[in-house]
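Keep the picture open and look for each part as we get to it.

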Amino acid sequence: DPYRADPERSPVLIPSSEKPYNAEPPLEMLADVFLTPNHLFFIRNHLPVPCMKLEGYSLKLEMSPGKSASIKIEELRTKFPKKSVTAVIQCAGNRRGEMVKVKPVKGLNWGSAAISNAKWSGVCLDDLLKHYKVDIDTVNTKYVVFEGMDKTPEGEPYGASIPIELAKMLKKEIIIAYEMNGTSIPRDHGFPVRVIIPGVVGARQVKWLSKIYFSAEESTSHWQRKDYKGFNSSVDWDNVNFDDAVSITQIPVNSAICEPVEGAEVDVSCDEVLVKGYAFSGGGRGIIRVDVSADGGKTWIDAKLKPNGQTPYTSYAWTLWEAYVPLPKGVSETVLIAKAVDVSYNVQPDTVEGIWNLRGVLSNAWHRVNVKLVK
Ligand code: MTE
Ligand code: MO
């Protein structure tokens, strides 16, 4: 069993697959704290978790073909200033479960909690590259490629890449991280080192980072080339062409109601209900408004946003929110809805039908929760 050396996990997590292990925390626990505790942070593994001793670890940085450096964890910790970024990781498949209800898709059946927020610390990519005499603004390349230590049975490592323009834009924010929320990164989340590329889909935030290099083409890994891309709703497995579609990097605006949960009983005696949730948009676009309805979208109120301490155009953490929403009268059930607006005035689409795609990625329609109204 290639998974026999996988770490122990919190019994609170809700698995969507055991081998490889994938799990999300209970949705109602997600919006309670700004920094998701490490043991509750969702886990998305494609392969067995590598066993790596700190002494044995080194990061290979290939500055140019034939010229590379091997960097020990001690060097990462001592040679470079420690920098931090508080950033969300969201799986492209977060909220896939709602797409599945429209028409089956291929992928893990995620609920709305394949997203978490942590403070990541380590070495800034720009600092690392400068030390090895690479200037990210002038380096002659198209992509920065990241490789993991986890491998398929055929020996193919997990890998991802980002376009060099994005690496330039984010050069102060991309972190070669060795800490998660102030402690060393847990095995499931990439021990000892992972890359954090804020505002970008989870799939590119390579865990168990073994190698960084530059290339004229995207990472050749399966997950860069044949996965994590979007298509229109008429494309299915008999006519899909992965090669011509653009890889997902920055992700669209999204939000979800964490409380009350689906099917909950809401007490109508106080005429309003406390609704709580998260909102996030990729590309550093901060959340400026979350609209909440308790009557299926007839009327809306503005939620109270909890400031995330970041600026509107460099907002990489999520925004937690809550709202006291008036309840409709004379009915025994209703639909709570939330939709977020980011600083570019992007807003979530109203239905999931229009954005259905065969891989079930980037599911970000208005979030609806059915509740019963009881006395
Ligand atoms: N990195 C490696 N090496 N192997 C993986 O399977 N999964 C990716 C990404 N990085 C993955 C990886 C995906 S799809 C996601 S959503 C995030 O890691 C999940 O990060 P987390 O498990 O820390 O939440
Ligand atoms: Mo993912």
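## Ground rules

Strands come first: helices (H or I, at least four residues) and strands (E, at least two) are DSSP runs, numbered from the N terminus. Two strands pair if DSSP finds at least two bridges between them.

What you see is a predicted model, where local features need pLDDT of at least 70, side-chain atom pairs count only at pLDDT 80 or more, and totals for chains, interfaces and linings use all residues. Residues are numbered from 1 along each chain as its sequence is written, while chains are lettered from A and ligands numbered from 1 in the order in which they are written.

## A three-strand sheet

Start with the open sheet β1-β2-β3, which has three strands and antiparallel pairing. Its edge strands, β1 and β3, each pair on one side only. Two bridges hold β2 and β3 together in the antiparallel sense, and across that pairing alanine 23 stands opposite isoleucine 43 in β3.

Now look at the loop between β1 (14–17) and β2 (22–24), where proline 20 has its place. The peptide bond leading from lysine 19 into proline 20 is cis, with omega near 0°.

## Around ligand 1

Which residues are closest to ligand 1? They are His46, Cys91, Gly148, Tyr158 and Gly202, out of 19 residues that surround the ligand. To count as near, a residue needs its C-beta atom, placed from the backbone, within 6 Å of the molecule or strand in question. Strands β3 (43–44) and β8 (143–151) each supply at least two residues of this shell.

The shell splits into 10 nonpolar, six polar and three charged residues. Here Ala, Val, Leu, Ile, Met, Phe, Trp, Tyr, Cys and Pro count as nonpolar, Asp, Glu, Lys and Arg as charged, and the others, Gly among them, as polar.

Is β8 mostly covered or mostly uncovered? Mostly covered: eight of its nine residues are buried. A residue is buried if 20 or more other C-beta atoms lie within 10 Å of its own, exposed if 12 or fewer, and partly exposed in between, with C-beta atoms placed from the backbone.

β8 runs antiparallel to strand β9 (residues 157–163), joined by six bridges. Glutamate 147 stands opposite glycine 159 in β9. The hairpin of β8 and β9 has five residues between the strands, and glycine 155 takes a positive phi near 95° there. β8 also pairs with strand β13 (residues 209–215), again antiparallel and over six bridges. In β13, leucine 209 is the bridge partner of glycine 148.

## A four-strand sheet

Another open sheet has four strands in the order β14-β16-β20-β19, with antiparallel pairing. β14 (254–259) and β19 (304–305) are at the edges with a single partner strand each, so one side of each has no neighbour in the sheet. β19 pairs with strand β20 (residues 319–326) over two antiparallel bridges, and leucine 305 stands opposite tryptophan 321 in β20.

## The core and a buried asparagine

The largest nonpolar core has 93 residues, and Ile176, Ala177, Ile196 and Tyr278 touch the most other members. Such a core is a set of buried Ala, Val, Leu, Ile, Met, Phe, Trp, Tyr and Cys residues joined through C-beta atoms within 7 Å. Leaving aside neighbours within four places in sequence, tyrosine 278 has contacts that include Leu30, Ile115 and Trp318. Contact means that the C-beta atoms of two residues, placed from the backbone, lie within 7 Å.

Asparagine 117 sits in strand β7 (residues 115–124). Why does asparagine 117 count as buried? Because it has 24 C-beta neighbours inside 10 Å. Asparagine 117 and alanine 317 are 200 residues apart in sequence, yet their C-alpha atoms are 6.4 Å apart in space.

Arginine 95 is not a glycine, but it has a positive phi of about 70°. You'll find arginine 95 in the loop between β6 (83–90) and α3 (96–102), and it is buried, with 24 other C-beta atoms within 10 Å.

Aspartate 271 isn't a glycine either, and its phi is positive at about 65°. It belongs to the loop between β15 (265–267) and β16 (272–280). With 10 C-beta neighbours inside 10 Å, aspartate 271 counts as exposed.
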